[in-house]
Amino acid sequence: MAQTKRKRRSKHRGNAAGTIEARGRTGRKPSPEEQKKADKTAARQRRAERLAQPPTWNRATLRAGAAAGLLFVLTQVGLFQDDVPVGQALGICVVAMVIYIPLGYMFDNWMYKRMSKRPRR
């Protein structure tokens, strides 16, 4: 009897809960070099997606808050000088946030424009 040339279909089987699970990888396992290349490509893609987002004041505020919090911790640990009063440290952190927020937004805006000009591959 002649064999058919029909391509095999991948089967989907349901489990006991009724959900359908697709079969796992059926091809050969990628070599370490191929895996490394795929990882680099994926990382580059994630970075490009992150930088392709337009800048937001919310993101700049969160980043400035994190930096001001770190500054507060460093002033209380005594990295800059010993025995900094809490009020003075909070004042420094508020001033730092007022400076960091617009600077962070401008930096994000600069990076966004720079990434937008770059031609896509």
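Q: Why is Asp108 called buried?
A: Asp108 has a relative accessible area of 10%. Buried means under 20% relative accessible area, while exposed means over 50% and partly exposed lies in between (1.4 Å probe, protein chains only). Asp108 is therefore buried.

Good to know before going on: this is a predicted model, in which local features need pLDDT of at least 70 and side-chain atom pairs count only at pLDDT 80 or more, while totals for chains, interfaces and linings use all residues. Residues are numbered from 1 along each chain as its sequence is written, and side-chain values use heavy atoms, leaving out hydrogens and water.

Q: What does Asp108 touch, not counting residues up to four places away in sequence?
A: Asp108, which is found in helix α3, touches Pro55, Arg59 and Arg63. A contact here means heavy atoms within 4.5 Å.

Q: What makes up the pattern of the protein chain?
A: Read along the sequence, the pattern is β-β-α-α-α, with 3 helices and 2 strands. Helices (H or I, at least four residues) and strands (E, at least two) are DSSP runs, numbered from the N terminus.

Q: How do you know what span to expect for α2?
A: The expected span is 1.5 Å times one less than the number of residues. Helix α2 (residues 57-77) has 21 residues, and its reach of 30 Å from first C-alpha to last is close to the 30 Å expected.

Q: Why are the buried residues of α2 said to line one face?
A: The buried residues of α2 are Ala60, Ala64, Ala68, Leu71 and Thr75. Seen down the axis of α2, they fall within an arc of 65°, so they line one face of the helix. The arc is that of the directions from the helix axis to the C-beta atoms. An α-helix has 3.6 residues a turn, so residues three or four places apart point the same way.

Q: Which residues of α2 are exposed on the other side?
A: Asn58, Leu62, Ala66, Leu70 and Val77 are exposed there.

Q: What do the buried residues of α2 pack against?
A: They pack against α3 (86-117). The two helices, α2 and α3, meet at an angle of about 145°, with their axes 7 Å apart. Axes are lines fitted to C-alpha atoms, for helices over the stretch in contact, and angles run from 0 to 180 degrees between N-to-C directions.

Q: What follows α2?
A: Gly78 follows α2, and its phi is positive, near 100°.
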